[in-house]
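Please open the model beside these notes. Go through the points in order and find each residue as you read.

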Amino acid sequence: MFSKKSILSHTFNIGVCTMLSRLFGIVRESLTVRYLGAGILNDAFVTAFKIPNGLRKIFAEGAMSAALIPSLTSCIAQNKRSASNGLMSLSFLVFEGFVVLLCILAIAYAKPLIHFIAPGFSKEGIDITVQCLTIVMPFIFFVSSSALLAGALQSVGQFFIPALAPVLLNIVFIITLLICLYFKLPVTALCWGILIAGALQFIMHVIWYIRLQFGFGNITREDFHTLRTVLVRFLLCLPSVSLMELSLFVDTSFASYLKPGTITLINLANRFVGIPLGVFAIAFATVLLPHFSRVVQHAPKRLSFYLLEGAKLVFFVSLPIMLLMWYFAENIFETLFLSGTRFTYAHVQEASHILQTFLLGLFFFSFNKVILNVYYAIHVAWVPALISTIAALVNVLLDWLFLDYLQSVGLALATTISAVVRTILLLAILHYFYKQRVYATRMCSFALGYSVQAIVLFIPFILLYRKLYMLATVYLHNSLSWFMLHSLGFWLWVGPLSIGYCLLLWYFQKKYFRHMYFL
């Protein structure tokens, strides 16, 4: 079920769905900027939506899956489908009961909560944020319920529906934005659209869950014992898998003291970092978790090998993406978001600098997803929790140090450095205390050789790009030149050019570097 071929196949399928979701997400963010601008109104909406959406990423893409999937996998491997049904029943009662309570408390104490998350907001900003939060907060109930069902689907190797769900969410989001723009509706209408999208996502998971002959069985004493293990693992996983979300909450708190629009710019930059993270890193890690759980049962010494090869693959994919996004950062925001006074050239430049700073940590953000799965596979959750807490404290300290001098870029740099610290600590403890080899020398040798290759091939890519840019400037008519160089037409020729660069890297890697297991 989880051979090398199937791992890549599942990763590709999830990645395709995630790519669709991220592309729709770009359209969504572009429409949101046109609808709300890059000021206090957008900051308020982003801050309100960040609360349930951040919890969604913790539940749907993180702690819940990491805690539940190993237990469900074990039940199914022992042909105990009835036990898994009982565990799902109890999990719904406990987890969703907690989520409902969380929603009630967040709505009842919305104003103090916003004061805590964004202490630098004006009274107007707080009032708008509270309005949005009271409507959109129940979104977390639907998506956390979907995450529970997705855990069951993933435990039997079904990854497509959980990966497709964000696509549905973004489609409904975009439709709502178009309606709001056309009829000039208030921001609260957008919040209602998000809530409907969450409900549709939940219904889709329920239908597929039943189709795969899962159910909700009688709860036994053994289910309580299993859930206790799951809960302990969940609480320990919580800070580990959600560090980036926690870091972004911290960044939001500090950013609320900066000029209006800063929170929006950090959110946009993070969205673009989330494209390679979601399309590849999270997809790859999602497939590896149940695979690692099986490896521990049959050949635990192989984990070190998979960790090395996972690191190689993550680096192989993330390096060219980092180079391309770094170089075209300003073009990204100019062509997609530049919009008169709502999103100015000053916004473009600041957002591009934030994105470039986040990109410095792309490999570490990505690889941390894989390392965490090794810990969860060997049933060690407290170590990642402790390390994640340390990394979060590093992030807070650096935010405080960088805020006055580097402003929004300093907040992004703090998040990036904390990810590097986290990677180093995770690997060190895995090696020294759990006797897993990390093959640092082999990985550094691979990274150095591949980096030289990527940079050498990047030079003719840049020369060709600049030559084509100059030709377009000279020979194209003014309006067509603007479309091809400063609007969406820019990606009609730069996109294929970038794909060509990546394919050239693939060719040289296949021809001269034949030591990558997953390729």
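1. Start at K184. Is K184 buried or exposed? K184 counts as exposed because its relative accessibility is 73%; exposed means over 50% relative accessible area, buried under 20%, and partly exposed in between (1.4 Å probe, protein chains only). K184 lies in the loop between α8 and α9 (187-211). Its phi is positive, about 55°, although K184 is not a glycine.

2. A word on the source. This is a predicted model: local features need pLDDT of at least 70, side-chain atom pairs count only at pLDDT 80 or more, and totals for chains, interfaces and linings use all residues. Residues are numbered from 1 along each chain as its sequence is written, and side-chain values use heavy atoms, leaving out hydrogens and water.

3. Y439 also deserves a look. It has a phi near 50°, a positive value in a residue other than glycine. Y439 sits in the loop between α17 and α18 (440-475). Helices here are DSSP runs (H or I, at least four residues), numbered from the N terminus.

4. Now take helix α17 (residues 382-432). It has 51 residues, yet its end C-alpha atoms are only 16 Å apart. A straight helix would reach 75 Å at 1.5 Å a residue; the expected span is 1.5 Å times one less than the number of residues. Where does α17 bend? It bends at L406, by about 145°. That bend is the angle between axes fitted to the seven residues ending there and the seven starting there.

5. Next, the aromatic rings. The structure holds 34 aromatic pairs. Rings of Phe, Tyr and Trp (its six-membered ring) pair if their centres lie within 6.5 Å; planes under 30 degrees apart count as stacked, over 60 as edge-to-face and the rest as tilted. F45 and F49 are stacked because their ring centres are 5.9 Å apart and their planes are at 15°. Both lie in helix α2 (residues 40-60), four residues apart, about one turn of the helix. F45 and F49 are buried.

6. Compare F272 and F333. This pair is edge-to-face, with 5.4 Å centre to centre and 75° between the planes. F272 lies in helix α12 (residues 262-298) and F333 in helix α14 (residues 329-337), so the pair ties together parts that are 61 residues apart in sequence. F272 is buried, with a relative accessible area of 5%. F333 counts as buried at 0%.

7. Finally, trace the ring cluster. Ring pairs link residues including Y327, F328, W491 and Y501.

Note on methods:
Helices (H or I, at least four residues) and strands (E, at least two) are DSSP runs, numbered from the N terminus.
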